[in-house]
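Please bring the model up on your screens, and I'll talk you through the parts I picked out.

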Amino acid sequence: MISGRDGNKGYILIAVVLIMMVFACASCGNKVELQEPLNDEKYRTDLKWGFIDSGGNMVIEPQYDVAWQFSEGLAAVAIDGKIGYIDMEGDMVIEPRFENDYKSPVPKYWLYRAGSIYFCEDRALVQIDEKYGFIDKDGNMVVEALFEYAFSFSDGLAAVKIGDKWGYIDTAGNIVIEPEFEGVDSFFEGLAVVVADGKSGYIDTAGNVVIEPIFDTASKFSEGLAAASAGGGDGYRYWGYINDEGSWAIEPAYRFETHLREEKIFFSDGLACLYSSYIDVNGNTVIDSGFDEGFPFSEGIAMARVGELYGFIDKEGNWILEPRFESASSFSEGMADVRLDDNWGYIDSNGNMVIEPQYKDALGFSEGLAPVQVLVEVPDT
């Protein structure tokens, strides 16, 4: 899932106030309504995260400073600056004891980016004393926090940084690919991007170089193809797509003055977004007008931006929902979170608003639940 949100969206801490606000659920849905203030200085209002189901019911009460989406049955939550994990009943199964640098939650589509704390392959990346290691679902430290940085596990391996070089470990913490690379990515479809001498290539899970590092930039494999760029001698990068043998499947003919975000230009649902157009696996442009910026397709629908507003298109480029949202994210489990008038709600794939905008922040649905942020009353300790 890709988001069109600003980088530091969402998390706002309300300062202590002298006049009390009471909030209650309206009879329609789960909407929070402002009621008469209380003259009680023992309480204050604060923004907290909880979880709703697809009907908009608050099933895990808002009590967390930050909350992440569920992954493999567990969700990371932050309390008093420490991260722990809850199950889908809201029970704390791994007590908060890990370091927390997050002021707002990292969405699940960042699962394989450095520093992601989601569970993947029964392991979650955690930080202790500014070093990174991995825990299992019982909270046991199965890979000691020894690394400068790390990625989540994929294909049984996790990229780790030792000193100023990157390598890969297995789920027991054994180094299986020596740290010798300037930069790396997670494995996708059996291959991972590595950087050597400033150029990008690919290795397999045994550490063999299968595509020589000859590209200026390269991205993950998806649907059998990976975006890569090469300089054209005129100061621009020319983007194309390679197959798993390193041959150009789509010649590098796409020149852009602005840098393309590698996490956006992968193939999904048979189409890849090249900023303001989409191509198919043969390199044919199939959607090329009507918006300023496109995003990857998810569940047959893609988010697109016109000016500062976001809407959604189908695979023919027709608007399912005209741009009218201040921000939005891609579809997940049949719904997408969208922002109107500074509040977040959810639409379905037909463009119907199924959960009215009422949350100060929100993320997409995962495993049937979505984290949302609301204003609540808490004791002034």
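**A walk through the strands**

Let's start with strand S18, residues 191-196, which is mostly covered, with five of its six residues buried. Buried here means under 20% relative accessible area, exposed means over 50%, and partly exposed is in between, with a 1.4 Å probe and protein chains only. Strands are DSSP runs of E with at least two residues, and helices are runs of H or I with at least four, numbered from the N terminus.

Before I go on, some ground rules. This is a predicted model, so to speak of local features I need pLDDT of at least 70, side-chain atom pairs count only at pLDDT 80 or more, and totals for chains, interfaces and linings use all residues. Residues are numbered from 1 along each chain as its sequence is written, and side-chain values use heavy atoms, with hydrogens and water left out.

Back to S18 and its neighbours. Two strands pair if DSSP finds at least two bridges between them. Strand S17, residues 183-184, pairs with S18 in the antiparallel sense over two bridges, and Val 184 has Val 194 of S18 as its bridge partner. The hairpin of S17 and S18 has six residues between the strands, and there Glu 189 takes a positive phi near 55 degrees.

Who pairs with S18 over six bridges? That is strand S19, residues 199-204, again in the antiparallel sense. Ala 196 stands opposite Lys 199 in S19. This hairpin, S18 with S19, has two residues between the strands, and Asp 197 in the turn has a positive phi of about 55 degrees.

**Two open sheets**

Now look at the sheet with the order S13-S14-S15-S16, which is open, has four strands and pairs antiparallel. At its edges stand strand S13 (149-150) and strand S16 (175-181); each has a single partner strand, so one side of each is left without a neighbour in the sheet. Strand S15, residues 165-169, is joined to S16 by three bridges in the antiparallel sense, and Tyr 168 has Ile 177 of S16 as its bridge partner.

Further along, S33-S34-S35-S36 is the order of an open sheet of four strands, with antiparallel pairing. Its edge strands, S33 (327-328) and S36 (353-359), each pair on one side only. S33 runs antiparallel to strand S34, residues 335-340, and two bridges join them. Ser 327 has Arg 339 of S34 as its bridge partner.

**The chain as a whole**

How many helices and strands does the protein chain come to? Zero helices and 38 strands. Of its 381 residues, 50% count as buried.

On confidence: pLDDT is the predictor's confidence in each residue, from 0 to 100. The chain averages 86, and 85% of the residues score at least 70. Over residues 6-40, though, pLDDT stays under 50, and the model has 66 contacts beyond four places in sequence for that stretch. A contact means heavy atoms within 4.5 Å. Where pLDDT is low, the predicted coordinates should not be read in detail.

**Cores and cysteines**

A nonpolar core is a set of buried Ala, Val, Leu, Ile, Met, Phe, Trp, Tyr and Cys residues joined through side-chain atoms within 4.5 Å. The largest one has 18 residues, of which Trp 68, Ile 83, Tyr 85, Phe 119 and Ile 135 touch the most other members. Strands S6 (75-79), S7 (82-86), S8 (92-99), S9 (119-120) and S10 (123-128) each supply at least two residues of this core. There is also a second, separate core of 14 residues, and Ile 52, Tyr 346, Ala 362 and Val 376 are among them.

Cys 120 is buried at a relative accessible area of 6%, and Cys 273 is buried at 1%.

Most residues other than glycine have a negative phi. Tyr 275, in the loop between strand S26 (271-273) and strand S27 (278-279), has a positive phi near 65 degrees. Is Tyr 275 buried or partly exposed? Tyr 275 is partly exposed, with a relative accessible area of 31%.

Glu 299 also has a positive phi, near 60 degrees. You'll find Glu 299 in the loop between strand S29 (293-298) and strand S30 (301-306), where Glu 299 counts as partly exposed at 46% relative accessibility.
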